[in-house]
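These are my notebook entries on a structure that is new to me. I begin with the strands, then turn to a pocket, a few single residues and the confidence values.

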Amino acid sequence: MIKKLKIRKQILPFALAATLSGCNKKMDCDIDYHHMHKYISEEGFETYKDSEYETDCDMNWTKEIIKPNKEQKEMAKFDLLKIEDNKKALEKDTKNDLPYVVYEYKHRYSTPIRVGKITTHAWHTSYKLTTDANHSNLTGYVRDVSF
């Protein structure tokens with residue numbers, strides 16, 4: 001299963017600045033079949049990439065290799081990280097993000113209803129959560145969020 005990595009309240013895309021490959025040192029790898037190397041960031045995030053350069057997107061090359069399957073090829077294509085492989089790094093990187101407070105607010109909206117040739121509106125009320133303590137229509141309910 002491929003998931004985009006998100007950090008903080010939910011899961012944010014893990015985007016790292018791409019380095020110029022011309023400035024990168026190509027590593028010595030004499031393996032002659034299609035493979036992918038494990039890359040690790042300074043923060044401890046790891047993924048497999050189809051690259052032979054010392055650094056790729058601020059991640060460092062290792063000698064550890066795999067024969068890629070379809071999932072790993074797709075993840076490498078879009079520079080995604082597998083959440084299951086990076087749980088410890090995620091917990092470490094997001095430990096200061098929690099807990100946080102969410103506030104409930106009331107949201108009213110209408111939906112058009114057509115009866116014959118006449119269109120009228122039905123009003124509905126829903127309740128949503130926000131991290132903005134000054135949001136309009138707050139109900140007074142507050143929740144501490146922690147995982």
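How many bridges join strand 1 to strand 2, and do these strands run parallel or antiparallel? I found that 4 bridges join strand 1 (residues 36–41) to strand 2, and that the two run antiparallel.

Before going on, I note the ground rules. This is a predicted model, in which local features need pLDDT of at least 70 and side-chain atom pairs count only at pLDDT 80 or more, while totals for chains, interfaces and linings use all residues. Residues are numbered from 1 along each chain as its sequence is written, and side-chain values use heavy atoms, with hydrogens and water left out.

**Entry: overall layout.** I looked up the elements and found 2 helices and 7 strands in the chain, taking helices (H or I, at least four residues) and strands (E, at least two) as DSSP runs numbered from the N terminus. Read from the N terminus on, their order is β-β-β-β-α-α-β-β-β. Of the 147 residues of the chain, 28% count as buried, where buried means under 20% relative accessible area, exposed means over 50% and partly exposed lies in between, with a 1.4 Å probe and protein chains only.

Entry: I traced an open sheet of 4 strands in the order 2-1-4-3, with antiparallel pairing; two strands pair if DSSP finds at least two bridges between them. Its edge strands are strand 2 (46–49) and strand 3 (55–56), each of which pairs on one side only.

**Entry: a pocket.** Lys-38 and Tyr-48 came up again, as both are in the lining of the second largest pocket, together with Glu-46, Thr-47, Asn-69, Glu-71, Gln-72, Met-75, Lys-82 and Asp-85. Strand 2 and helix 1 (70–77) are the elements that give two or more residues to this lining. By class, I noted 2 nonpolar, 3 polar and 5 charged residues in the lining.

**Entry: Lys-25.** I found Lys-25 in the segment before strand 1. Lys-25 and Glu-54 are 29 residues apart in sequence, yet 5.5 Å apart in space, C-alpha to C-alpha. Leaving aside residues up to four places away in sequence, Lys-25 touches Glu-52, Tyr-53 and Glu-54, a contact being heavy atoms within 4.5 Å.

**Entry: two positive phi values.** Asp-79 has a positive phi of about 55° although it is not a glycine, and I located Asp-79 in the loop between helix 1 and helix 2 (87–94). Because its relative accessibility is 35%, Asp-79 counts as partly exposed. Asn-137, also not a glycine, has a positive phi of about 65° and lies in the loop between strand 6 and strand 7 (138–145). Asn-137 counts as exposed because its relative accessibility is 53%.

**Entry: confidence.** The chain averages a pLDDT of 79, and 82% of the residues score at least 70; pLDDT is the predictor's confidence in each residue, from 0 to 100. Over residues 5–22 the pLDDT is below 50, and beyond near neighbours in sequence this stretch has 38 contacts in the model. Where pLDDT is low, the predicted coordinates should not be read in detail.

Notes. 1 Å grid on protein atoms, 1.4 Å probe; cavity = no way out; pocket = protein on both sides within 12 Å on 5 of 7 lines; lining within 4 Å. Nonpolar A, V, L, I, M, F, W, Y, C, P; charged D, E, K, R; others polar.
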